[in-house]
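Subject: Structure handover

Hello,

Here is the structure for you to look through. My notes on what was found in it come after it.

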Amino acid sequence: MRFQDAAKDARAVVYAGIQADPLVARAAALLADATVAQRVLARAVMNGETTDPDAWRTTFPTLFGPDADPAQRERSEAILVASLEVADRGEQVRSQVRGALVEEITAQLLRRRSGPLVKRERRILFDGVPAEIHPYDVTVERPGGSAALDCKWGARGINADVLHQLDDARAHAADESQSLTVALVVYDAARSCKVRLARQTAPHAKTGLISLETLERLSG
Amino acid sequence: MSDEATVGDVIERALGAYEVLLAKGEAIEDEWSYVNDLATAWRDRLGAVTAARGAEAAAPGVSAAVDRACEEIGLIADPHRAIDWLSTFPQVVLVALGEKL
């Protein structure tokens, strides 16, 4: 098993521009250490129609109301501002930004324990096996214990193709007596992810799931 | 709505708006089963909150928060975005109520 950078095709070049947007890194840094309620705020605003910040403050009284934790209020405000900036990008661009955001949160959290071993947009090659067309969003390339993660904004993004790709990689690594942990990171509630997974016939019993509520597990 | 509403009142209003959202999401035929399973899962979760806290007075701001969230999903016209909100909206309601997802 070996890792290599994905080919720089046109799609990759365009998407790299999205990934490099400073807004993505800023929002990811805020959300990596956010509470679950703050993450739901970001999800709602980035999915939403309303661009009036006061309307969102009304929607989240536990974050912005008089009884809100003052220590968290500043972060909630910063998350609201960043989320509105994403929502303001228009439907197509915001969809790309949201995807890049989940990848960046994942990478930032993983780097806390694995530092430079964390890579983006990588392919995994196995002897005698054709390479997958789509690269893995985030990998941890540690001799004796690597990982490959696919990142989704919502549970609906979970599909047969991604489940097959992850499980195939895990199985091919095992064939080479290598350890490769595979997982989905989904910026959505575990309940929704489980409903989606329950409908999937593609193999996923050995694929991990990190949801909006459990992102901290990536760093610990 | 005033903040004299109970938790059960608030959830009842949320579920009413959720039904309208569900109808929008069902327009994607390939996802019909998924969206209905999703709605069932989240209705069950909100129903469990009603069973546990339905008679309790909603905390200040909760009623207005849920009404605002209902207004937000009323703005959604695209069925694909409606499916996103079938997951997001119950999370927003639960956060407003101080509940875990």
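**Helix 3 of chain A**

Helices (H or I, at least four residues) and strands (E, at least two) are DSSP runs, numbered from the N terminus.

Before going further, note that this is a predicted model, in which local features need pLDDT of at least 70 and side-chain atom pairs count only at pLDDT 80 or more, while totals for chains, interfaces and linings use all residues. Residues are numbered from 1 along each chain as its sequence is written, and chains are lettered from A and ligands numbered from 1 in the order in which they are written.

Is helix 3 of chain A mostly covered or mostly open? It is mostly covered, with 11 of its 12 residues buried. A residue is buried if 20 or more other C-beta atoms lie within 10 Å of its own, exposed if 12 or fewer, and partly exposed in between, with C-beta atoms placed from the backbone. Among the buried residues of helix 3 of chain A are Arg39(A), Val40(A), Leu41(A) and Arg43(A). Their cover includes helix 2 (22-32), helix 4, helix 5, helix 6 (70-87) and helix 7 (91-114) of chain A, together with helix 4 (79-96) of chain B.

In helix 2 of chain A, the buried residues include Val24(A), Leu30(A) and Leu31(A). Helix 1 (10-19), helix 3, helix 6 and helix 7 of chain A are among the elements that cover the buried residues of helix 2.

**Where the chains meet**

The contact between chain A and chain B takes 27 residues from each chain; two residues are in contact if their C-beta atoms, placed from the backbone, lie within 7 Å. Which helix of chain A gives the most to the side that touches chain B? Helix 3 does, with 6 residues. By class, that side of chain A has 10 nonpolar, 9 polar and 8 charged residues. Ala, Val, Leu, Ile, Met, Phe, Trp, Tyr, Cys and Pro count as nonpolar, Asp, Glu, Lys and Arg as charged, and the others, Gly among them, as polar.

**Domains and strands of chain A**

Chain A is divided into domain 1 (2-7 + 113-218) and domain 2 (11-95), with bounds from an automatic or database domain assignment. Their centres, taken over C-alpha atoms, are 25 Å apart. The contact between them takes 6 residues from domain 1 and 4 residues from domain 2.

Strand 1 (residues 2-5) and strand 2 (residues 118-125) of chain A pair in the antiparallel sense over 4 bridges; strands pair if DSSP finds at least two bridges between them. Phe3(A) stands opposite Ile124(A) in strand 2. Strand 2 also runs antiparallel to strand 3 (residues 136-140) of chain A, joined by 4 bridges, and Arg122(A) stands opposite Tyr136(A) in strand 3.

**Chain B**

Chain B has 4 helices and 0 strands. Its C-alpha atoms fill a box of roughly 40 × 25 × 20 Å, taken along the principal axes. Of its 101 residues, 47% count as buried.

Regards
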